[in-house]
Amino acid sequence: MLSWALVVIVAIVVAVGQALLIRSAWRFRKTLAILPPGISRSDPRGDLAWTLVTAIGTVAFLAFVAQSLL
Amino acid sequence: MTTPSYSVTFRRLLIGGTLASLAAIISGGLVSATGSGAACTAWPLCPEVLSAPLSAPVWLTVAHRALVLLALVLVLAASVVAWQRRDADPWLRIPLLVAPALIMLLSALGGVMVWLKLYHLADVWHLALSLLVLACQVVPLAALAQPDAPAGHVGARTARASRQLRGMAWWAAGGVGVMVLAMSARAMPSLQLQAAAGLPIDASGALAISAMLSGGTLWQIRRSRRGDMLLLGAAALVCALIVAEGMTLLLPAAQAGLSLGVGGLLWGAAIVLAVLVMRRPLPTDLPVVARSLPAVERGPSLLSDYISLTKPKVISLLLVTTLAAMFITKAGTPSLALIFWTMVGGYLAAGGAGAINCAFDEDIDINMGRTSRRPVPSGRISARNAMIFGLTLSALSVAVMLAFTTPLAALFSTLGIVYYALFYTRWLKRSTWQNIVIGGGAGSLPPLVGWTAVTGSLSLPAVLLFVIIFYWTPPHFWALALVKQKDYARAGVPMLPVVAGEPETRWQIFVYSAMMVGLSLLLTPLGAMGAIYLALAALLGAIFMRSAWGVWRRGDQAAIWGLYKYSLLYLALLFAAMVVDRLALG
């Protein structure tokens, strides 16, 4: 019971956290236009893609954790 | 104390006793290696001698017993002389008074081996006593040859260096002794028997550790007793004999007893070295080269420059996570040899990747205050040489991991090199503000290396260790980037604080911290850790969250530095908590 409670709480924390990070990355597609001199502009879609990769990887990991408890 | 009045006979007794003890050890090794111990069915006499024709095993066993008897006689004779000379130097007297008891015990153990037919199991203890008997001959011999130097006034630095050297020399001698026993234990027919011998280490691990200790002793002598050619020569001889002993690893395990010839000599040389270190006169002060210029006027040596290319401070935390992962698998406590080689391979891999990073990042490092004094941007080492050095270390790491750990550990170690040196350094770091997040994967691999070095396979708890460090990386490095953001902007590195500003970075630090702390608790639900870890992880995590909250809400330099420093401590303590939990709860 304690195990499941911990997993659910962590899953919620990760879900909320990743949602906020994805929202930030989405917002940065436009707001990062003005950069300090010498800093090259990265591909906004690439930045967003990396954020999504991290989120998907973490969700997949949590799914494996949940499956191992079943 | 001087020893001018000892008779020639006494010296000859000691020399004879030493040679006889050595010959007894070598012949004992031959008896073990050829499995001749059972050729004589009784002890101390051998009735098989009366049967003709005599077989080679009987000859070997009888010759061994005769040599032990000769050593016993000589040892007893020297002991009688030492007993009569009550005013003698304790370095001569005490070992010789102890020796008869040891040799009696040794002979009795030989009898037990024959009577109970415990040839293999008692072998290591039989040899251990033989080595002690040999030491009891070698110590007085070396003390006779090198009278104790009168105590004179020496500086504090010299006294401290001398204490360090003495400690190191005796540790090296002890390491050599264990190594000789471990090399001999290779002859035992099964791993269970080797374990029953009670040695805490196997042959290759013992060889590596004694080589390290003896090499350290040589280095310390070179540093603090530069002009003492006798000490230097003795230490060099010990190192050379260790190399020779190492070559005998190439022999089949069944012939390991043959290495005892070299092993006995090596043990004697290591003891002589330790005695000489104790008794040779100290220099009046450290050599001129050792105290030439104040540190501020002296540039780093080439050696320290090359070592700094490997980023030893960064590596230490990586190795902590590797080591902890090795202790928390279900496979139990790993052997010292496996730990040693995994650490060596891990250092080489991380060091090689670090050196390649230094070679690639010359243009960035030169623009940052924190890194501009590194060897490559300051011109002390060329980028080309740094690259060659990094590639060499990386190749060595692959060889070490493949030879001494598991293929999967070697794979993860190599993946870590490619990830950090190429994927992160050449691409991520310069191209996206996600560099730290995705690049964190390189620093997250060491626990997988440690885990797979022990188990040879991957499991969910191991992946969780990776995930924890992956989520730990952004708060840690972004805290540093917040402090050094002008450096990063000048160097053209798109770190998050540079491209998105401080408030966004501080907020993301808090979000990543929350996810990391939560994920760190999952080791308990997965069954990999128990309640002790859960409580400690929750406590450490709560402190982390308080620091991250301070960074997000206040954002001053004190809060940011506080988080940066605590994050280092947090990771080390979190992995230490895992080991504590595993050792406490099993």
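**Two chains, contact by contact**

Student: Among contacts in chain B between residues at least 6 apart in sequence, what percentage join residues at least 24 apart?
Tutor: Two residues are in contact if their C-beta atoms, placed from the backbone, lie within 7 Å. For chain B, contacts between residues at least 6 apart in sequence are considered, and the share that joins residues at least 24 apart is 76%.

Student: What kind of model is this, and how are residues numbered?
Tutor: This is a predicted model, in which local features need pLDDT of at least 70 and side-chain atom pairs count only at pLDDT 80 or more, while totals for chains, interfaces and linings use all residues. Residues are numbered from 1 along each chain as its sequence is written, and chains are lettered from A and ligands numbered from 1 in the order in which they are written.

Student: What percentage of the residues of chain B count as buried?
Tutor: A residue is buried if 20 or more other C-beta atoms lie within 10 Å of its own, exposed if 12 or fewer, and partly exposed in between. In chain A, with 70 residues, buried residues make up 19%. For the 586 residues of chain B the figure is 52%.

Student: Which helix gives the most to the side of chain A that touches chain B?
Tutor: In the contact between the chains, 29 residues of chain A meet 27 residues of chain B. On the side of chain A, α1 (2–31) and α2 (44–69) each supply at least two residues. With 12 residues, the one that gives the most is α1(A).

Student: How many charged residues does that side of chain A have?
Tutor: Ala, Val, Leu, Ile, Met, Phe, Trp, Tyr, Cys and Pro count as nonpolar, Asp, Glu, Lys and Arg as charged, and the others, Gly among them, as polar. The side of chain A that touches chain B has 18 nonpolar and 10 polar residues, and its charged residues number 1.

Student: Are α12(B) and α14(B) roughly parallel or roughly antiparallel?
Tutor: Axes are lines fitted to C-alpha atoms, for helices over the stretch in contact, and angles run from 0 to 180 degrees between N-to-C directions. Angles under 35 degrees count as roughly parallel, over 145 as roughly antiparallel, 65 to 115 as roughly perpendicular and the rest as oblique. The axes of α12 (residues 336–360) and α14 of chain B come within 7 Å and cross at roughly 155°. That angle makes the pair roughly antiparallel.

Student: How many residues of α12(B) are buried?
Tutor: The contact of α12(B) with α14(B) has 19 nonpolar, 6 polar and no charged residues. α12(B) is mostly covered, and of its 25 residues the buried ones number 21.

Student: Where does B:Lys311 lie?
Tutor: B:Lys311 is not a glycine, although its phi is positive, about 55°. It counts as partly exposed because it has 18 C-beta neighbours inside 10 Å. B:Lys311 lies in the loop between α10 (302–309) and α11 (312–327) of chain B.

Student: In which helix is B:Trp59?
Tutor: B:Trp59 is partly exposed, with 14 other C-beta atoms within 10 Å. B:Trp59 is 11 residues from B:Glu48 in sequence and 9.6 Å in space, C-alpha to C-alpha. The helix of B:Trp59, residues 56–84 of chain B, is α2.

Note on methods
Helices (H or I, at least four residues) and strands (E, at least two) are DSSP runs, numbered from the N terminus.
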